[in-house]
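Let us walk through this model from its overall division down to single residues.

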Amino acid sequence: TWTTGNVIEEQVAAIRAQVGDKRAICGLSGGVDSAVAAALVQKAIGNQLTCVYVDHGLMRKGETEQVEKDFVAATGANLKVVDAEERFLNALAGVSDPEEKRKIIGREFIRVFEQAQLEILQEDGPEVAFLVQGTLYPDVVESGGGTGTANIKSHHNVGGLPDDIEFELVEPLRQLFKDEVRMVGQELGLPAEIVQRQPFPGPGLGIRIVGEVTKDRLDLLREADAIAREELTAAGLDSEIWQCPVVLLADVRSVGVQGDGRTYGHPIVLRPVSSEDAMTADWTRMPYDVLAKISTRITNEVADVNRVVLDVTSKPPGTIEWE
Ligand code: XMP
């Protein structure tokens, strides 16, 4: 019979058999899948695992702390946090095109992650031969079912390493669906904020600022997003809404009247959607009083924002994200 307890027991045994006394690396994204995969592997092999979290500065308010504090407290995992905010912001400077942003963020992410891997490889200890990934069953089916290896090429001029290091993959979630992964995560003691987290794109808030990404704009959007999330949770809407991107129209200004006079600020877009799989989506018919509360709070509490608008477009024709 399928129980989370059985799944955990089985996977722990399988991971131990696979990894033996070697070491493994796991990248944490802040998402559910990588967190649960890492927690499972941690349970199996303890300190033979090192987790790596790249802080690209594009996360939402509190998310990096969730990984740094709550994940570590719940699992006892070795965590290497790489603060790469400046590097990402420099690379994104002057860029407004969505695909260009995605490309830059993806490229920088791989570079920073590989650099962290190389540093771990150089530490004393058993051979680092495994890379943990949070691949789920639907991903396996979509990609044709193969298991694999991952290469890391040492194009970073780090001395004394082979030209090309190969990792064997550890994928303890390969037989699970998303809801099962959440149950396993809960059983492993991960906090609800991580286990029940709604989908969030890898490029983070970088693709929720329409226009150039800057530190000030990110800080502004983080505040607005935190308010929207807080009110949606308070209203009990988290399970009803698939996700609710909060978008800053950084290149748009409109006239408002706030406090003592005229303002010329930016609009914030709320994009609550209902969906089964993100392939299609409908805009969520949210209670007006919740929308009103979010709008009032954002315009009162977030400097430079004087308007909140609601996106009432389905997917198709609109995508869930604005970029
Ligand atoms: P769209 O905007 O294409 O989004 O309707 C569908 C789902 O995918 C997420 N999304 C991404 N996730 N990297 C990711 O990891 C990305 O570049 C990316 N773009 C969109 C989006 O949040 C939604 O859940």
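In this predicted model, 10 residues of domain 1 are in contact with eight residues of domain 2. Two residues are in contact if their C-beta atoms, placed from the backbone, lie within 7 Å. On the side of domain 1 that touches domain 2, four residues are nonpolar, three polar and three charged. Here Ala, Val, Leu, Ile, Met, Phe, Trp, Tyr, Cys and Pro count as nonpolar, Asp, Glu, Lys and Arg as charged, and the others, Gly among them, as polar. Domain 1 covers 4-195 and domain 2 covers 208-310. These bounds come from an automatic or database domain assignment. The domain centres, taken over C-alpha atoms, are 30 Å apart.

Residues are numbered from 1 along each chain as its sequence is written. Because the model is predicted, local features need pLDDT of at least 70 and side-chain atom pairs count only at pLDDT 80 or more, while totals for chains, interfaces and linings use all residues.

How far can each part be trusted? The chain averages a pLDDT of 94, and 96% of the residues score at least 70. pLDDT is the predictor's confidence in each residue, from 0 to 100. Over residues 155-160 the pLDDT is below 50, and this stretch has four contacts in the model beyond near neighbours in sequence. Helix α1 (residues 4-19) and helix α7 (residues 178-187) have axes that come within 9 Å and cross at roughly 80°. Helices (H or I, at least four residues) and strands (E, at least two) are DSSP runs, numbered from the N terminus. The axes are lines fitted to C-alpha atoms, for helices over the stretch in contact, and angles run from 0 to 180 degrees between N-to-C directions. α1 and α7 are therefore roughly perpendicular to each other, a term for angles of 65 to 115 degrees. T4, G5, V7 and I8 in α1 meet M183, V184 and E187 in α7. By class, this contact has four nonpolar, two polar and one charged residues.

Now two single residues. V247 is found in strand β8 (residues 246-249). V247 is buried, with 23 other C-beta atoms within 10 Å. A residue is buried if 20 or more other C-beta atoms lie within 10 Å of its own, exposed if 12 or fewer, and partly exposed in between. Neighbours within four places in sequence aside, V247 is in contact with R208, V210, V269, R271 and W322.

A235 sits in the loop between α9 (215-234) and β8. A235 is partly exposed, with 17 other C-beta atoms within 10 Å. Leaving aside neighbours within four places in sequence, A235 is in contact with P287 and V290.

Note on methods:
Angles under 35 degrees count as roughly parallel, over 145 as roughly antiparallel, 65 to 115 as roughly perpendicular and the rest as oblique.
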